[in-house]
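Dear colleague,

Please find below the structure I am handing over to you.

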Amino acid sequence: MAGMRFEAVLLTVLAAVAVRAQEPPAANPAPSVLENSGKPMLLPFHCTQDDIQWAGLSCSADEPCPVYLELAAVESAAGRVFAAGNIHSSAVTLYSVLLASEDAGHTWREAYERIRGASLDRIQFLDAELGWTSGQALSPLPQDPFLLVTSDGGKTWRQRVIFTESRVGSIQQFQFSAKDSGSLIIDRGPGSEGGRYELYESPNAGESWTMRETSDRPIRLKPLPVAPSEWRARADGPTQSFHLERRQGERWVSVASFSVKLGACQP
C-alpha cells in the first residue's frame, strides 16, 4: 500500500511539472522604481562575476572594486525628465544608464536597458515627441557610436548605430534642426588616417547617416537658435551625489539627486 501511495504522489508531482512546463514563461519583472525622498537615491547595481571577467577587474574580498554612477546630461520633454550617463569602476565603463521621471522628479525608473561598456552623454528633443540621446562604447577605446531615438516623447527608445561595422570614434557633437535634418561630428582620435574629424548628416531622424566631410581640423556645427536648457546635472562633493537641477529665474533648484557610489565588485 505504501508503495502504491508513493507512486500516486510521484505521478501527481510529474503531472504538475508537465503542466507548468507548458505554461508560457513569466514576464520579466518591471524595472524597479526609485522614490525621491529628498536624499540621494541609490541606483540598484549588482556586479556579477561575468561583469568582473568582462571588464578585466582585479577584485577580491579584501580589495573590492568600487563602482560609481556618473550623470552627464539631463533634459525634459512631454512632461518627462531624462538623465543620461554611465556606471563605471575607477578604470572601466561598465554600463550606460538612461533614467526617466514622469512626475517632476518624485519617482524614477530606467527608460532603456543598460548597454554594457557604453556611456550616454547628450540629449536633445526637437519637440514633445522626437528626441535623441548620444552614446558610444568606451572599452578599450571610444568606438561604435550610436543614438537612442524616441518618437513618442521618451516612452520607448530604439538604438540606431552610426556605422554599419565596428569603428573607433565618438560623437563629439550632434543636433537636429528638423526631423529630416540632422548632423553630427565624429572624433576618431589623434593620428587617425584620412582625417580625425568626420561630419555626417541624416535625412530621416537619425535612422541612417551619410558622411559629408572629413578633416584633420575640428569641424563645428552651426549653433541652433534655441533657448538655453532649463536643466543641468551637477556633481555635489559634500553629498557625493549628482544633482539634477532646473533653472528658476536666476537660480538653480535641485529636483532630484543620485548617489555616486553604487557599491563594489568582488568575487
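**Salt bridges and their surroundings**

Arg 188 is partly exposed, with a relative accessible area of 21%. Please note that the model is a predicted one. Arg 188 forms a salt bridge with Glu 198, and their closest N and O atoms are 3.6 Å apart. This pair links distant parts of the chain, ten residues apart: Glu 198 belongs to strand S12 (residues 197-202), while Arg 188 lies in the loop between strand S11 (181-187) and S12. Glu 198 counts as buried because its relative accessibility is 4%, under the 20% limit.

In total, the structure holds 16 salt bridges. Another of them joins the side chains of Arg 80 and Glu 102, at 3.3 Å from N to O. Arg 80 sits in strand S3 (residues 80-88) and Glu 102 in the loop between strand S4 (93-101) and strand S5 (107-112), 22 residues apart. Arg 80 is buried at 10% relative accessibility, whereas Glu 102 is partly exposed at 49%.

Glu 245 and Arg 234 also meet in a salt bridge, at 2.8 Å from N to O. Glu 245 is in strand S15 (residues 241-248) and Arg 234 in strand S14 (residues 231-236), eleven residues apart. Glu 245 is buried, with a relative accessible area of 4%; Arg 234 is partly exposed, with 28%. Through salt bridges that share partners, Arg 232, Arg 234, Asp 236 and Glu 245 form one network.

Finally, Glu 70, in strand S2 (residues 65-77), is partly exposed at 34% relative accessibility.

With kind regards

Key. Residues are numbered from 1 along each chain as its sequence is written. This is a predicted model: local features need pLDDT of at least 70, side-chain atom pairs count only at pLDDT 80 or more; totals for chains, interfaces and linings use all residues. Side-chain values use heavy atoms; hydrogens and water are left out. Helices (H or I, at least four residues) and strands (E, at least two) are DSSP runs, numbered from the N terminus. Buried means under 20% relative accessible area, exposed over 50%, partly exposed in between (1.4 Å probe, protein chains only). A salt bridge is a side-chain nitrogen of Lys or Arg within 4 Å of a carboxyl oxygen of Asp or Glu.
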